[in-house]
Amino acid sequence: MFCFQCEQTAKGEGCTKIGVCGKQPEVAALQDLLIHATKGIAQVAVEGTKVGVSDPAVNQFACEAIFSTLTNVDFDPARFVTLIDEAVKHREALKAKVQAAGGSAAFADGPATFTPAGDQAGLVAQGEKVGIQADPSVNPDIRSLRELIVYGIKGLAAYADHARILGQEDESVYAYIYEGLAATLDDTLGADEYVGLALKCGEVNLKAMELLDAGNTGTYGHPVPTAVPLGAKKGKAILVSGHDLKDLETILKQTEGKGINVYTHGEMLPCHGYPELKKYGHFYGHYGTAWQNQAKEFAAFPGAIVMTTNCIQKPRETYQDNIFTTGLVGWPGVTHIADKDFTPAIERAMALPGFTKDVPGKQVMVGFARNAVMGVAPQVIEAVKNKAIRHFFLVGGCDGAKPGRDYYTEFVEKVPEDCVVLTLACGKFRFFDKDLGDIGGIPRLLDIGQCNDAHSAIQIAVALANAFECGVNDLPLSMILSWYEQKACVILLSLLHLGIKDIRLGPSLPAFITPNVLDVLVKNFNIMPIGTAEGDLKAILG
Ligand code: SF4
Ligand code: SF3
C-alpha cells in the first residue's frame, strides 16, 4: 500500500505497511480501486455533460464513493467490494444514457473500461496496480498536483454529500468533480493546468459549502449563542459523533420520551446552537474532546455511541458492542445502521447503565456563526475603530494526535487580551474550554461551528472587509490553520482561490506536496508553516 493523503502519514512520507489511521493494506487497495472506478464514471460523465446528460443517482453515488475513501470514514473491506461493483454498474448505465443522447461513450482502455474481479482478493490485486505510485514514469510534481486535486475532490464530495442530504445540490459541483477526476488521467496537461484545476476545486467548493450552509440553516435555523454543559445528567445516554445534522435530528426524534439524554461528541458540538435541534429537551450536553481521544473517552461513556461521519478510530473491545456506525462510516465488526432506524443503538443505550448521577462540569459557548456575528457587526466594527480590538485570529481546522499540535493551545493562550480568536472545526478542542473573557461584551473566543461551516467564517471575513472597505488580506485578521484530512485540503484550496495570503499551516505540511509545488504556493500566496506560538504572534502583530 501507499497512502499519503492525511497529515499523520507515516514518517511524514507515506503509509506503506499499514495506515497510521488503522487502514489495512487490503482496504487501501480497495479504496484506490474505488477511486479508479470513480474516475471511469467521471470520464463517461464528462462526455455526458457535452450532450446534457446528468444522472442524479450517479452524482449521489460518486460523492458517496469518494467520501468513503476520506481519512477515518470507512475501514470495512466488504463495503468497498460492494461500492466498486456499483461503480461499474453506474458507469455502464451512464454510458447507455450518453449514447442514447447522441454522445460518445467509446473508450479504448483505462478506468472507463475497467472490469472488476469476481472476489475481494481479485479486487485487492487490481487495486494494488492502480495506486498513487502505479506509474513510476509520472513526473513527481505532476503526481503531486494530481493528488492535490483528488484530495481536494474528496473534501468537495464530502461537503456536496452533506448538502445533498439536506436537499441542496448544484450541477456545477458534480460537473467539476467529474472534470477534475478525469483530468488526473490526461497526460497532455501540464503543471499550470493542474494548478488552475486545483484552484477551481477551491472555487467550486465555495458553492458546495454555500449549499451546505443553506441546508443547515434552512432546515435547523441560524445558530444562536448557546451555553453547552460539558458535564452529564443522571440517566441513560447516547453519544452522537461526526458531522451529520440530520442523523442527530433523527436520533433526537427517535429517543424522545424514552428517558435517554443525547450528547454530542467532536464536531457535533456546534449543533447545540441550532434552534431546531436545541428545542429537544433531552438534547443535553457535550461529552469528550477531539476524535483522536475517542478510544479513551468512548471506553468511559456509559451509553451507546453513534458515528455519523469521520473520524472513527479502531474501537476498543470494551466498547465494541456500544458503538454503531451509520451513513458512510464503517468498521469491520461494528453494527452498521443503514436504514436510519436507530433502534439497535437506542436499545443498547437502555441496556447500559447511563450516568448514575449528575456529573458537574464547565460550560462552553457555541453558536457564533455568520448570522450571530453579523448581528453584532456594528459593535465589532466600533471596537476595531476605537482600537479596543487590535486583531482577529482565525485558529481553526482539524485536530490530530501529533505532539506539535500543542502549538495551537499555546497560540490561543498567548494571544494578547485586545485580540479576538475565531475558531471552527475540531482543532478547537485544544482550547475550547478556556475562558478568554470578552472585549466590551464581545466574547474573545467565538466558535463559528464545524469544519462544514467554513462558508460562515468566509462570510464573516468578507462582511468585515466590506465594512472597512478593504480586501480580506488588508483586514487585521490572520489565519492559523491546522489540517489533518481532505476536508481541510479543499477548504485551503477555497481560501487560496479567494486570494487569501499569509496563511500559517501546520502542524506539518502535506507529504503529497513536492518542493516545486510548494514553491508555487509560497510565491503566489505566501503560505507558510507554523513556527513557534510566540514567534508567529510577534511576526503578525509587529
Ligand atoms: Fe496513512 Fe493517513 Fe492514508 Fe491513513 S489516511 S493510510 S494515516 S496517510
Ligand atoms: Fe475533525 Fe476528523 Fe478534520 Fe471536521 S473530525 S475537522 S479531523
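The second largest cavity has a volume of about 130 Å³, where a cavity is a set of points, on a 1 Å grid over the protein atoms alone, at which a 1.4 Å probe fits but cannot get out, and a volume is the space filled by probe spheres set on points joined across faces, edges and corners. This is a predicted model, in which local features need pLDDT of at least 70 and side-chain atom pairs count only at pLDDT 80 or more, whereas totals for chains, interfaces and linings use all residues. Residues are numbered from 1 along each chain as its sequence is written, ligands are numbered from 1 in the order in which they are written, and side-chain values use heavy atoms, with hydrogens and water left out.

The second largest cavity is lined by 19 residues, with Cys3, Gln5, Cys21, Lys23 and Thr71 nearest its centre; lining residues have an atom within 4 Å of a point. By class, this lining divides into nine nonpolar, eight polar and two charged residues, with Ala, Val, Leu, Ile, Met, Phe, Trp, Tyr, Cys and Pro counted as nonpolar, Asp, Glu, Lys and Arg as charged, and the others, Gly among them, as polar. Ligand 1 sits in the second largest cavity, in the sense that more than half of its atoms lie within 2 Å of the grid points. Around ligand 1 there are 13 residues, of which Cys3, Cys6, Cys15, Cys21 and Thr71 are the closest, a residue being near if one of its heavy atoms lies within 4 Å.

The shell around ligand 2 includes His243, Glu267, Cys311, Cys398, Cys426, Cys451 and Glu485, and its classes are seven nonpolar, two polar and two charged. At least three residues of this shell come from each of domain 2 (226-351) and domain 3 (369-541), with bounds taken from an automatic or database domain assignment.

Leucine 505 stands opposite proline 529 in β16.

How values were computed
On a 1 Å grid over the protein atoms alone, a cavity is a set of points where a 1.4 Å probe fits but cannot get out, and a pocket is an open set with protein on both sides within 12 Å along at least five of seven lines; lining residues have an atom within 4 Å of a point. Two strands pair if DSSP finds at least two bridges between them. Helices (H or I, at least four residues) and strands (E, at least two) are DSSP runs, numbered from the N terminus.
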